[in-house]
Amino acid sequence: MDWSRGHAIGRGSSATVSVATSGSGDIFAVKSIELPQSEFLQREQQFLSCLCHPHVVTYKGCDITRENNTFMYNLFMEYMSGGTLSDAVCDQGGRLDEALMGYYTSQILQGLDYLHSRGVVHCDIKGRNVLIGEKGAKIADLGCAKWINSVTGHTMAAVPIGGTPMFMAPEVARGEDQGFPADTWALGCTVIEMATGCPPWPNVNNPMSVLYRIAFSGELPEFPDFLSSQAKDFLSKCLRRDPKERWTAKQLLKHPFLEAFVSPEKQSQDITTSSPTSILDQGIWNSMEGLEIPGGFVNTNSLNSPASRIGKLSVESGLPNWAKWEETWITIRRNEAVALCGSVTALVGDEVDGDDMELESTVNVGEAEEWISFLGSNGSCSNSCSNFLMACTCVEHSDVMSSLNFERHKDAQVL
Ligand SMILES: Nc1ncnc2c1ncn2[C@@H]1O[C@H](COP(=O)(O)OP(=O)(O)OP(=O)(O)O)[C@@H](O)[C@H]1O
């Protein structure tokens, strides 16, 4: 396909996303990375290319280009003009109206139900991986996704655990399993993000403590007080520590919190709405005006009210922006995990030879000390993968990427 790259619209931990135009004038999004580092993007391509659903971002092809003497791997997708769900929350003053939360939640769930019915676990559901477009929310970024064997219920290959620590389910944080229920947990966390503009564990600023808390504390994220009882009940069905007790996407679609948004007639009401070009377009709100929801009706005036604008300004003017903070976290990828696992084992083992000391000195010293004291108080890293997960997620992305030589450690074994 003949196409040209436009300006960058987003950057993730692995790739850059730009607007692009085809020879025939169609606009789409292209996610690109240098070919030698494109393993994860190619993985995403393998998933996206066999999926097709109104609430999963649409695949449009892929190619390899040569730009400035560099080979680039490019993945084409539909362009989602409204940005991410996290951006939408921020734009609305750091908190979405409950009706809008229900609207987006039902759409994410429809996408999730489809993925699960095709044997795919997304593994990284969060506001930043949900994109907003003309017809509402679509699930994006399948870079961490996995196939589940429908007979055994386990992943098809021994794929290491991935995702974003704040949104990880307890069994994932412990390194035990990452199946469909892990997506349900992450969805519950995303609902909290929509309701509060904050991460599900807002008062913990040490990533290692967050993972420890998720894995072993027995606690649940706090449900926002101001939510309706139906919204809280919905959260209680997503956020159950035992994955077997969590509701499936199909069950959740029937929950009263979402009733107004997923019944066939309301769905067709959604589909026949005019097509706003972004989350800020009045059309999307107008289409929901007066829509009956549990506990009342959608009042879209509140979305553009002075209170909402002041809220937005207050966020812009310096209240904590957790999304920015979150950018410093690692999304655990296979190679990084293998490399870091080796590193952490070396750090906590008693056989710290010269080589390992050299490695230790490349890690942020304060955090390395935290690893050691944490791992020291929780047994040897070699007992399970979970401790390594905690350790590697406590390192800031920039520190790790710039200082650790992954090549050197790629032969380290996942324990
Ligand atoms: N189809 C799209 N349309 C519009 N913007 C997009 C699209 N895909 C991605 N973006 C933007 O690019 C950003 C990065 O995309 P994405 O999350 O897929 O990259 P990534 O490298 O996989 O990120 P991560 O750090 O989550 O692994 C998104 O947060 C979003 O702002």
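Two residues are taken to be in contact if their C-beta atoms, placed from the backbone, lie within 7 Å. The structure is a predicted model, in which local features need pLDDT of at least 70 and side-chain atom pairs count only at pLDDT 80 or more, while totals for chains, interfaces and linings use all residues. Residue numbers start from 1 along each chain as its sequence is written. Helices (H or I, at least four residues) and strands (E, at least two) are DSSP runs, numbered from the N terminus.

Helix α1 spans residues 39–48, and its buried residues (20 or more other C-beta atoms within 10 Å of the residue's own, these atoms being placed from the backbone) are Phe40, Leu41, Glu44, Gln45, Phe47 and Leu48. Viewed down the axis of α1, the buried residues fall within an arc of 165°, so they line one face of the helix; the arc is that of the directions from the helix axis to the C-beta atoms. These buried residues pack against β3 (27–34), β4 (59–67), β5 (70–77) and β6 (120–121).

The ligand has 24 residues around it, of which Gly10, Gly12, Ser13, Val17 and Ala29 come nearest; a residue is near if its C-beta atom, placed from the backbone, lies within 6 Å. Two or more residues of this shell are given by each of β1 (3–11) and β3, and β1 gives the most, with 3 residues.

Strands β1 and β2 (residues 16–22) pair in the antiparallel sense over 6 bridges, pairing requiring at least two bridges found by DSSP. A hairpin of 4 residues joins β1 to β2. Gly10 has Val17 in β2 as its bridge partner.

Definitions and conventions:
Buried ≥ 20, exposed ≤ 12 C-beta atoms within 10 Å, placed from the backbone.
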